[in-house]
Amino acid sequence: MKLILSQTVIVAIGALGMTMVIVSGGIDLSAGSVVALTGVVAASLLVRSVPPALVFLLTIAAGALIGFINGTVISVFRMMPFIVTLGMMGIARGTAKWLGDNHTVNPDDNPLNHIMAPVNPLELFPLPAGVWIAIGLAIGMAIVMRQTVFGRHIFAIGSNEDTARLCGIPVQRQKMLIYTLAGVFFAIAGIMQYSRLTQGDPTVAIGLELEIIAAVVIGGASLNGGSGSIFGTVIGALIMGVLKSGSSQMNWPTYMQEIIIGTVIILAVGLDRLRQSRLKT
């Protein structure tokens, strides 16, 4: 169980940010590349002897900047989120390879290395610090999504953007904020990825955005926007973790895991379509 929880942390944290984006009617395909980039950023700063606490803040700032750029281009220039974030996926991945000079970045031992370090692997407790961070973030986001004006605006924009604009909601500004916060969550996931590997690797997290999107959709969010929940997203992330762990224990090859994830995504979207059609009737 501890192994599944630890494996779920990166997907779960990334999915928290993706939930906001999808509920608002958008999509972010750059998530995996941003996770890789921020992991390399953290490692590169640590190699330069930057204090770990400052590294944490600067890495989050890097993720927020990428999200802000996505949100600005999408909202100001009215471009499709799919196209903008697809482009950012390539930009972020290329930047990660440039920063790492196409190699892994290996800093000396530091406190960030121990966030995801397993303690007593054969026992459930104590859990790694990363698991508690993910739980805390999930609780915080559940409150934001359901109990704040900002959260209600996210649902309103996803349900009908034009109506939300006519109701006085600052759609452009809210979209910029949504993607910026999503970038923050992807950056935190990147730090967890670095902590798990204890190195910055520009080639990791390829396809991670699919797992993150699958977790959100499995959790009940609609790709059409306007519906979804943090609790559902966490359950979806746990399901993805169980699938990956079960595949590993069965000694299935990596390509089989990818086939399973792809099938799950198609089934989840199909169920969402069925649910939406029933609601219309």
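## Basis of the report

A residue is called buried when its relative accessible area is under 20%, exposed when it is over 50%, and partly exposed in between, using a 1.4 Å probe and protein chains only. The model is predicted, and local features need pLDDT of at least 70, side-chain atom pairs count only at pLDDT 80 or more, and totals for chains, interfaces and linings use all residues. Residues are numbered from 1 along each chain as its sequence is written, and side-chain values use heavy atoms, with hydrogens and water left out.

## An exposed proline

With a relative accessibility of 55%, Pro111 counts as exposed. Pro111 is placed in the loop between helix H4 (81-99) and helix H5 (129-147); helices here are DSSP runs (H or I, at least four residues), numbered from the N terminus. In sequence, 29 residues separate Pro111 from Phe82, while their C-alpha atoms lie 37 Å apart in space.

Helix H8 comprises 27 residues, 171-197. The expected span of a helix is 1.5 Å times one less than its number of residues. For H8 this gives 39 Å, and the end C-alpha atoms are 39 Å apart, which agrees. Helix H8 is mostly covered, as 21 of its 27 residues are buried.

How do H6 and H8 pack? Helix H6 (residues 149-159) meets H8 at an angle of about 105°, and the two axes are 11 Å apart. Axes are lines fitted to C-alpha atoms, for helices over the stretch in contact, and angles run from 0 to 180 degrees between N-to-C directions. The two helices, H6 and H8, are therefore roughly perpendicular to each other, on a scale where angles under 35 degrees count as roughly parallel, over 145 as roughly antiparallel, 65 to 115 as roughly perpendicular and the rest as oblique. On the H6 side, the contact (heavy atoms within 4.5 Å) involves Phe150, His153, Ile154 and Ile157. On the H8 side, Val171, Gln174, Lys175, Leu177, Ile178 and Leu181 take part. By class, the contact of H6 with H8 has seven nonpolar, two polar and one charged residues. In this classification Ala, Val, Leu, Ile, Met, Phe, Trp, Tyr, Cys and Pro are nonpolar, Asp, Glu, Lys and Arg are charged, and the others, Gly among them, are polar.

## Helices H2 and H9

Helix H2 (residues 31-47) and H9 pack at an angle of about 120°, their axes being 6 Å apart. Helices H2 and H9 are therefore oblique to each other. Ala31, Gly32, Ser33 and Val35 of H2 form this contact together with Leu208, Glu209 and Ile212 of H9. Sorted by class, the contact of H2 with H9 has four nonpolar, two polar and one charged residues.

## Salt bridges

Side chains of opposite charge can pair when their charged atoms come close. A salt bridge is defined as a side-chain nitrogen of Lys or Arg within 4 Å of a carboxyl oxygen of Asp or Glu, and by this rule there are four. One of them joins Arg165 to Glu161, with the closest N and O atoms 3.0 Å apart. Arg165 and Glu161 are four residues apart in helix H7 (residues 161-166) and are thus separated by about one helical turn. Arg165 is partly exposed at 32% relative accessible area, and Glu161 is partly exposed at 25%.

Glu161 also meets Lys175 in a salt bridge (2.8 Å, N to O). Because Glu161 lies in helix H7 and Lys175 in helix H8, the pair ties together parts that are 14 residues apart in sequence. Lys175 is buried, with a relative accessible area of 13%. A further salt bridge links Lys244 and Glu211 (3.4 Å, N to O). Lys244 lies in helix H10 (residues 230-249) and Glu211 in helix H9 (residues 208-218), so this pair ties together parts that are 33 residues apart in sequence. Lys244 is partly exposed at 30%, whereas Glu211 is buried at 11%. Salt bridges that share partners join Glu161, Asp162, Arg165 and Lys175 into one network.

Most residues other than glycine have a negative phi. Thr198 is found in the loop between H8 and H9 and is partly exposed, with a relative accessible area of 35%.

Ala205 is found in the loop between H8 and H9, and its phi is near 65°, a positive value in a residue other than glycine. Ala205 is buried, with a relative accessible area of 14%.
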